[in-house]
Amino acid sequence: MESDIEESIRKKVRKNPHPGESSRKSGLLDEDIRMETTRARFSNVLKRHSELTERLSRDSDKMIFERLQKEFEAARASQTQEIYLDGEQWNDGLLATIRERVHMEAERKAMPEDADILPQEKITYKVGTKVICCLEGARIGIQYETSFAGEPCELYHCVLESKSFLEKMTVLEHTIPFFLPVREAENDLLSSNAMKFIDYIGELLQAYVDRREQVRLIKELYGNQIRELYHSLPFHMIEFVVDDSDCTVTVSLRYADLIYVLPTKISVLAWPMPHMKKNTTNSSILSIKKENGGTVSHPIPARLSYAEDALRTMSLPEAYAEIVLNLPQAIQQLFPPKPHS
């Protein structure tokens with residue numbers, strides 16, 4: 001596969017051969033071929049990555065989602081009361097009450113039919129973007145609503161279970177993307193602070209959707225300007241390249257925590273294009289001596305501080321618009337043209 005890519009690129013290069021090329025040009029040609037081969041391989045990896053992501057997020061996950069969604073809808077349809085909680089009303093005491101209710105209802109259903117015990121009142125609780133339901137079989141269900149720019153996005157579910165009121169709760173099943181650290185959060189938080197676990201999962205999901213939608217939006221709005229866009233599955237690592245007429249801009253973003261919607265580590269570099277070598281001051285060009293005594297020139301990238309500041313405080317689409325708007329002026333300052341003699 002890799003040899004096919006290399007041969008394809010070599011054929012393209014051979015279309016317009018120039019007799020008598022020097023060894024220096026030959027070396028540059030080989031370097032270009034290697035670069036194009038790397039780009040082609042990287043594009044292949046991105047394509048396979050996208051296909052794998054789609055395959056992993058369908059089929060069994062969709063079946064679980066549809067089953068849980070029906071169960072949540074049935075629970076809400078049969079409710080006798082829906083209580084909206086705000087601020088301090090959502091606390092450990094209320095969660096303990098919910099746990100007690102689901103276990104008492106499970107015990108009642110396990111008793112003989114002639115037992116004279118009234119069923120529990122069916123209450124659903126709405127806490128911000130979370131809906132908490134009492135499900136059959138001593139289970140507590142949490143449905144998470146996500147949004148972006150005021151528009152609703154996906155629903156996610158998490159079902160908690162415990163064998164008795166006194167035992168710790170565990171995550172029975174969920175529809176949360178597999179690459180988000182649900183099990184780690186369960187081990188760290190659920191047994192010691194179930195309310196904190198429930199809230200953290202909500203923050204985790206909303207931040208993931210926010211980062212994902214920011215990337216989707218810049219692709220939608222500026223896809224013709226952006227190339228080589230790469231991101232990790234949770235969108236906590238994002239990289240892309242922007243081509244300007246005078247330079248290539250590389251953007252690298254890292255998010256130290258998966259609940260962050262703004263990056264914590266940012267790098268934006270401007271690389272002058274080859275045609276700028278003759279038109280800019282020598283400070284933007286690095287000359288390296290070769291073993292045979294010759295020299296080879298390489299452009300030196302410059303850091304775009306204004307762009308990094310924008311990405312640190314604005315959403316990705318807003319920051320991108322700010323970067324492109326001020327890029328010509330920034331390039332002129334970073335790579336000043338040679339004065340006319």
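Trainee: Where is Gln214 placed?
Mentor: Gln214 sits in helix α6. Helices here are DSSP runs of H or I with at least four residues, strands are runs of E with at least two, and both are numbered from the N terminus. This is a predicted model, in which local features need pLDDT of at least 70 and side-chain atom pairs count only at pLDDT 80 or more, while totals for chains, interfaces and linings use all residues. Residues are numbered from 1 along each chain as its sequence is written, and side-chain values use heavy atoms, with hydrogens and water left out.

Trainee: Does Gln214 count as buried or exposed? What is its relative accessibility?
Mentor: Gln214 counts as buried because its relative accessibility is 4%. Buried means under 20% relative accessible area, exposed means over 50%, and partly exposed lies in between, with a 1.4 Å probe and protein chains only.

Trainee: Which residues is Gln214 in contact with, leaving aside neighbours within four places in sequence?
Mentor: Gln214 is in contact with Phe148, Val261, Ser315, Leu316 and Pro317, once neighbours within four places in sequence are set aside. Contact means heavy atoms within 4.5 Å. Between Gln214 and Val261 there are 47 residues of sequence separation, and their C-alpha atoms are 9.3 Å apart.

Trainee: And Asp199, where does that lie?
Mentor: Asp199 lies in helix α6. Not counting residues up to four places away in sequence, Asp199 touches Trp90 and Lys130.

Trainee: Turning to the largest nonpolar core, which members touch the most others?
Mentor: Trp90, Leu160, Phe197, Phe240 and Leu311 touch the most other members of this core, which has 65 residues. Helix α6 (residues 194–222) provides the largest share, 12 residues. A nonpolar core is a set of buried Ala, Val, Leu, Ile, Met, Phe, Trp, Tyr and Cys residues joined through side-chain atoms within 4.5 Å.

Trainee: Which domains does this core draw at least three residues from?
Mentor: The core draws at least three residues from each of domain 1 (61–110 + 121–210) and domain 2 (223–274 + 300–335). These bounds come from an automatic or database domain assignment.

Trainee: What does Leu160 touch?
Mentor: Not counting residues up to four places away in sequence, Leu160 touches a set of residues that includes Ile140, Ile142, Val171, Leu190 and Phe197. There is also a second, separate core of seven residues, with Leu68, Phe72, Cys133 and Leu135 among them.

Trainee: On to cavities. How many are there of 30 Å³ or more?
Mentor: The count comes to three cavities of 30 Å³ or more. The largest cavity holds about 60 Å³ of space. A cavity is a set of points, on a 1 Å grid over the protein atoms alone, where a 1.4 Å probe fits but cannot get out; lining residues have an atom within 4 Å of a point. Grid points are joined across faces, edges and corners, and a volume is the space filled by probe spheres set on the points.

Trainee: What lines the largest cavity?
Mentor: The lining consists of Phe240, Val242, Val249, Val251, Tyr320, Ile323, Val324 and Leu327. Two or more of the lining residues come from each of β8 (237–243), β9 (247–254) and α8 (316–334). The largest share, four residues, is from α8. The lining divides into eight nonpolar, no polar and no charged residues. In this grouping, Ala, Val, Leu, Ile, Met, Phe, Trp, Tyr, Cys and Pro are nonpolar, Asp, Glu, Lys and Arg are charged, and the others, Gly among them, are polar.

Trainee: Where is Cys247, and which residues is it in contact with?
Mentor: Cys247 is placed in strand β9. Cys247 counts as buried because its relative accessible area is 0%. Leaving aside neighbours within four places in sequence, Cys247 is in contact with Val242, Ala270, Trp271, Pro272, Met273 and Ile331.

Trainee: Which value does phi take at Ala149?
Mentor: Phi of Ala149 is near 55°, a positive value in a residue other than glycine. Ala149 is found in the loop between β4 (139–148) and β5 (151–161). Ala149 is exposed, with a relative accessible area of 69%.

Trainee: And what about phi of Phe235?
Mentor: Phe235 also is not a glycine, and its phi is positive, about 60°. Phe235 is in the loop between β7 (226–231) and β8. Phe235 counts as buried, at 9% relative accessibility.

Methods. 1 Å grid on protein atoms, 1.4 Å probe; cavity = no way out; pocket = protein on both sides within 12 Å on 5 of 7 lines; lining within 4 Å.
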